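Please open the structure in a viewer and keep the selection panel at hand. The stops below are set out in the order in which they may be selected.

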Amino acid sequence: MGFPHKPHPKETVVLSQYFGDVEARTHKGWVKRGGYEALAQALKMDPAAVTEVVKESGLRGRGGAGFPTGLKWSFMPKEKKKPHYLCVNADESEPGTFKDREIMRWTPHALLEGTAIAAHAIRAEIAYIYIRGEFTEPWTIMERALAEANAAGVFGSIKVYLHRGAGAYICGEETALMNSIEGKRGNPRIKPPFPAAAGLFGMPTTINNVETLAAVPPILKRGAAWYKGLCLSNPKSTGTKLFSVCGHVQRPGNYEVTMGFPLKGLLYDMCGGPPAGRTLKACIPGGSSVPILTREETESCLLDYEGVVEKGSMLGSGGVIVFDDSADMVYQIMRLARFYAHESCAQCTQCREGTAWTTKIMERILSGQGKTKDLDLLLDLSENMTGKTICVLSDSCAAPIVSGIKKFRGEFEAYLAGKRQPVMVG
Amino acid sequence: MADGMINLTIDGAPVSVPPGTLVIEAAKQAGVLVPHYCYHPGLPVAGVCRMCLVEIEKAPKLQIACATTVTEGMVVKTQTAPSKSARQSVLELLLINHPLDCPICDQAGECELQDFVFQEGRDGTRYGEYAKRFNPVEDFGPDVLYVPNRCILCTRCVRFMEDVAKEPVLNVSERGDRAFIGIHPEARLDHPWAGNVVDLCPVGSLLSKDFLHKARAWELDKTASICTGCSQGCNITLDTRDEVVVRVRPRPNLEVNRYFICDHGRMHYKWMNRGDRIEAPLIRRDGELKATDWDEALDRVAGILRGASGTAVALVSPGASSEALALAKRLLSGFSWTGAFQVVMGEEAPLPGVPNLALRAERAPNAKGAENLGYSRDYARALEAAKTAAVVLVLDDPDCAVEASGALIYLGSVLGADAPCRRADVILPIANVAEEEGTFTNCDGRDQRYYQAKPAPGMAQPAAWVLGELTAALGLAELTR
């Protein structure tokens with residue numbers, strides 16, 4: 001895999017400061033760059049005080065849900081009766097998202113340091129880093145970094161294990177991930193109980209995303225106030241966020257910006273906009289699971305949790321998928337539906353059958369065999385796939401369908417009316 | 001309202017239930033059956049079929065009744081538009097890959113998919129002309145067939161094998177709509193309790209080979225009975241079609257067998273349909289057994305008993321009802337009496353997930369009852385005593401190695417060609433367990449009643465009736481202490 005681009009002047013590099021810096025991968029190199037100072041500092045503090053700093057910083061989960069990290073840590077039982085576990089979600093599988101991969105590739109010790117701090121804060125004695133099966137290079141790098149960190153005694157009495165997934169998207173769902181670590185089929189669990197009460201092996205567990213934990217050392221080192229100050233719009237969204245931009249832009253890649261940065265600036269200034277002669281058509285701002293934005297919505301959208309919600313989508317994982325005017329939205333949405341149909345764990349009826357049926361209808365529309373009533377059927381199906389299941393996989397399949405039909409109905413109707421050349425699918 | 005109880009309202013009906021009760025169970029108390037597939041009270045909650053979605057006031061979205069515990073003041077609505085439409089959608093989705101082969105499916109008539117679709121499903125499908133998922137029928141075990149096309153993946157079978165039988169040979173294989181129930185490639189579904197997966201399956205996906213195409217559900221008459229396979233005393237239902245027992249199913253009893261029966265018990269019914277039965281009383285006349293009517297036969301026995309004195313021996317079956325056993329004892333109360341039974345022993349097979357539930361080593365339903373009534377387990381001694389006894393009464397034990405020099409009276413349902421009881425002076429035909437009403441005492445001392453499922457053949461009568469007539473004839477009917 002290649003080297004990342006040089007940071008754009010408008011980027012705020014915190015997490016990505018050492019991307020491309022090979023020396024930063026080693027323990028020695030990381031220490032030279034001020035690494036593990038935050039950990040030393042945290043270990044001198046009471047766990048509750050560490051949690052308080054993170055709470056104060058306003059850091060929110062970077063995996064997609066945006067839950068306040070400090071608050072999540074504070075849910076762990078105050079009185080310790082059972083072993084506590086920390087799970088690190090490095091199963092980055094959301095289509096369009098590739099930020100955690102880069103953190104692990106370039107700054108594995110940032111993740112390990114954040115892991116050690118979090119484990120201290122929640123008083124965990126064991127941490128599992130669950131790495132996506134396809135991430136061969138990050139796996140190798142993480143293995144090496146962990147060996148170095150262990151040799152340097154970074155974790156003290158805390159045991160850290162790397163656990164490799166087998167490539168199932170659903171194992172990125174927190175409870176499915178725990179089942180997977182336990183050696184079971186990666187099926188999401190019913191909540192409650194929530195992980196803080198009964199998580200991994202039935203014990204109190206906190207699970208955090210890679211990017212979230214990598215942001216913890218700078219917060220401790222530079223202070224909650226500094227992190228909180230990194231905010232361009234809504235004060236509820238603080239700090240920096242890595243955005244993985246892919247699709248129809250001239251310079252795709254990971255870009256780190258302050259919360260509240262305009263999406264337009266990210267796409268046009270940093271990524272160079274669509275290829276020459278093309279115009280922007282649509283954008284999925286937070287990984288494939290969130291609703292699609294039109295050009296107008298995209299160009300007026302601010303990149304923080306509230307800003308994207310205001311436009312009718314979600315910040316999600318920060319995987320920005322860009323479509324220019326050459327994109328066939330019906331085909332793109334079919335590909336998304338097919339992905340979810342393939343990855344459904346098969347537990348809930350709506351998801352197991354609904355994602356597959358949705359895909360079949362989309363394929364039929366593309367093949368020119370669609371019927372007018374198919375659109376209403378898709379919407380009704382999506383309605384019944386939203387908020388009815390254990391996890392949100394089926395909601396994720398429905399989101400692009402609903403927003404796609406709403407915003408690009410003309411393209412669907414062109415297929416239905418036979419005005420577009422049918423596409424070979426399957 | 002009782003102390004410590006949680007009060008809630010379900011479809012307008014107030015109910016009080018203990019804390020920790022699931023909404024779906026509380027609803028049953030309010031007389032509301034929330035449609036469901038994956039939930040089963042005998043299994044851990046899975047929450048996967050999403051059929052039991054109900055509206056709960058103040059909850060932001062529909063909740064599954066099977067995984068939501070009651071809270072004080074909760075208001076549950078099962079019949080609102082969102083809840084009904086969610087269920088209708090689940091039903092439609094469950095049917096898109098379903099073969100709709102009800103006319104040839106054993107489950108038809110007792111199929112929860114059929115029932116709930118009939119109750120609240122859509123009039124037609126919107127699935128259109130797409131091909132349905134197809135997987136061939138699989139042979140899972142000695143008595144279990146898996147028809148994947150009908151499977152709704154409720155995972156009851158998987159959870160039963162994993163959490164109750166503790167032999168996790170089944171799983172959900174594959175993902176998405178390609179999923180099916182898989183079996184370990186080197187395993188068979190041959191656990192001694194595996195047959196329960198057939199009962200647990202809410203649709204016709206897991207079928208009993210034994211019951212395959214034997215009857216339609218609506219042709220069956222159901223009778224509450226007690227399993228005679230061992231001394232556990234599992235509560236069962238005898239399913240009869242045209243007075244033939246065709247199936248045995250567990251009848252829930254939380255104190256004895258919960259929702260389950262073992263395969264031994266499940267298969268322990270064919271003898272109830274035996275055709276080679278004694279159909280008329282037989283008495284020895286001129287050295288040969290001759291058929292006669294009940295009056296003459298009973299007179300003959302009464303005469304024998306009146307004319308004899310000294311010792312009497314009763315060799316009884318531990319499968320006889322307590323009523324018959326008590327009357328047999330009373331009938332011989334004028335004699336110096338010995339009564340004994342013998343029990344066939346087998347291997348014990350517990351169901352690990354349920355405490356105190358096993359296929360017991362004692363393969364008889366009423367050994368405890370016989371013992372309580374004073375019958376001895378020392379069968380050999382009784383056989384020895386029989387040699388010189390004035391009267392020997394054999395109750396339903398046709399193959400017992402009896403040698404009698406005195407009078408031999410046999411009450412039984414069958415009589416083999418070489419059976420020692422052929423030497424009896426009188427043979428009285430009796431009903432078997434499916435043909436009479438009676439009581440068994442299980443290994444824990446629990447008295448349990450069973451009922452008549454079919455008529456006895458010919459002139460056969462329940463043993464308790466026969467022995468009752470005889471005690472009356474001898475003037476022993478009144479209880480004397």
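Helices (H or I, at least four residues) and strands (E, at least two) are DSSP runs, numbered from the N terminus. The model is predicted: local features need pLDDT of at least 70, side-chain atom pairs count only at pLDDT 80 or more, and totals for chains, interfaces and linings use all residues. Residues are numbered from 1 along each chain as its sequence is written, while chains are lettered from A and ligands numbered from 1 in the order in which they are written.

**Stop 1: a loop of chain B.** Select R258(B), which lies in the loop between strand 13 (244-250) and helix 6 (263-267) of chain B. R258(B) has a positive phi of about 45° although it is not a glycine. Is R258(B) buried or exposed? A residue is buried if 20 or more other C-beta atoms lie within 10 Å of its own, exposed if 12 or fewer, and partly exposed in between, with C-beta atoms placed from the backbone. R258(B) has 21 other C-beta atoms within 10 Å and is therefore buried.

**Stop 2: loops of chain A.** Next, select R123(A), in the loop between helix 6 (108-121) and strand 2 (126-131) of chain A. R123(A), although not a glycine, has a positive phi of about 55°. Because 18 other C-beta atoms lie within 10 Å, R123(A) is partly exposed. Then move to P192(A), in the loop between helix 8 (174-181) and strand 4 (205-209) of chain A. The peptide bond from K191(A) to P192(A) is cis, with omega near -5°. A cis peptide bond also joins P192(A) and P193(A), with omega about 0°. Most residues other than glycine have a negative phi, and most peptide bonds are trans.

**Stop 3: the sheet of chain B.** Five strands of chain B form an open sheet in the order 2-1-5-3-4, with mixed pairing; two strands pair if DSSP finds at least two bridges between them. Strand 2 (13-17) and strand 4 (63-64) of chain B stand at the edges, each with a single partner strand, so one side of each has no neighbour in the sheet. Strand 1 (residues 6-10) and strand 5 (residues 75-77) of chain B run parallel and are joined by two bridges. Select T9(B) to find V75(B) of strand 5 of chain B opposite.

**Stop 4: between the chains.** Finally, display both chains: 25 residues of chain A are in contact (C-beta atoms, placed from the backbone, within 7 Å) with 25 residues of chain B. The largest share of the side of chain A that touches chain B, nine residues, comes from helix 16 of chain A.

Definitions and conventions
Two residues are in contact if their C-beta atoms, placed from the backbone, lie within 7 Å.
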